Amino acid sequence: MSDITDLLGKLTVADAADAASASLVDSVRTSDALKSGLSENVLSLAALCSAGDGSAVAALNTVAALAALGVSAEPYIKCCLPAALAAVSSKNRNVSAAAKKAAMAIAENVTPFAMKGLLPSIFAALPVEINWATRSVA
């Protein structure tokens, strides 16, 4: 479990971010989310998604890759959706593009039964007071 904590720490280092992201996804793919430690550290991943810099890009790309795994990571990455939606309106184009990719990956790969858990996050991003870019992705 400290393995995944180390990998999350490496997401903040630009040179090691891609390798750390791939290792994290492989760890969840080969074992499940509980054994890999994702379930205990998913809030750290969500916090990295809100960073607004290069570490946010790496974290958002990791979330998109985890979403592609399907049901094995689905219950855990849903807490990353609000951070991804908020990051869509970032001034940094790389963060904005990665956030849109992550939010769409979560929505496209979620099962119909889990969609109910995403609806509060989606509806919270729809008021007029929220940035238009965030609303358009939600």
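Predicted model: local features only at pLDDT ≥ 70, side-chain atom pairs only at ≥ 80, totals over all residues.
In total, the protein has 10 helices and 0 strands. There are 138 residues here, and 42% of them count as buried. Now think about who touches whom: among contacts between residues at least 6 apart in sequence, 66% join residues at least 24 apart.

**Stop 1: α5 and α8**

Select residues 54-68, which is helix α5, and then residues 93-109, which is helix α8. Their axes lie 8 Å apart, and the two helices pack at an angle of about 20°. Angles under 35 degrees count as roughly parallel, so that is the label for α5 and α8. Turn the view a bit and look at the crossing: α5 passes α8 in a left-handed way.

Next, show the side chains where the pair meets. On the α5 side, pick A56, V57, L60, N61, V63, A64, A67 and A68. Across from them in α8 are N94, V95, A98, A99, K101, A102, A105, I106 and N109.

**Stop 2: α4 and α5**

For the contact itself, select L38, L45, L48 and C49 in α4. They meet S55, A56, A59, L60, T62, V63 and L66 in α5. The contact's residues split into 9 nonpolar, 2 polar and no charged.

**Stop 3: the core**

In soluble globular proteins, nonpolar side chains tend to be buried together. Here, the largest nonpolar core has 39 residues. Colour L38, L45, L60, V63, L66, L81 and I106, because these touch the most other members. The one that gives the most is α5, with 8 residues.

**Last stop: I106**

Zoom in on I106, a residue on the α8 side of the contact with α5. Leaving out residues up to four places away in sequence, I106 touches V63, A67, I77, C80, L81 and L118. Two of those, V63 and A67, you already picked in α5 at the first stop.

Notes:
Residues numbered from 1 in each chain as written. Heavy atoms only, no water. Axes fitted to C-alpha atoms, helices over the stretch in contact; angles between N-to-C directions. Helix = DSSP H or I, 4+ residues; strand = E, 2+ residues; numbered from the N terminus. Parallel < 35°, antiparallel > 145°, perpendicular 65-115°, else oblique. Left-handed = near helix turned anticlockwise from the far one by under 90°. Contact = heavy atoms within 4.5 Å. Core = buried A, V, L, I, M, F, W, Y, C linked by side-chain atoms within 4.5 Å. Buried < 20%, exposed > 50% of the residue type's maximum accessible area, 1.4 Å probe, protein only. Nonpolar A, V, L, I, M, F, W, Y, C, P; charged D, E, K, R; others polar.
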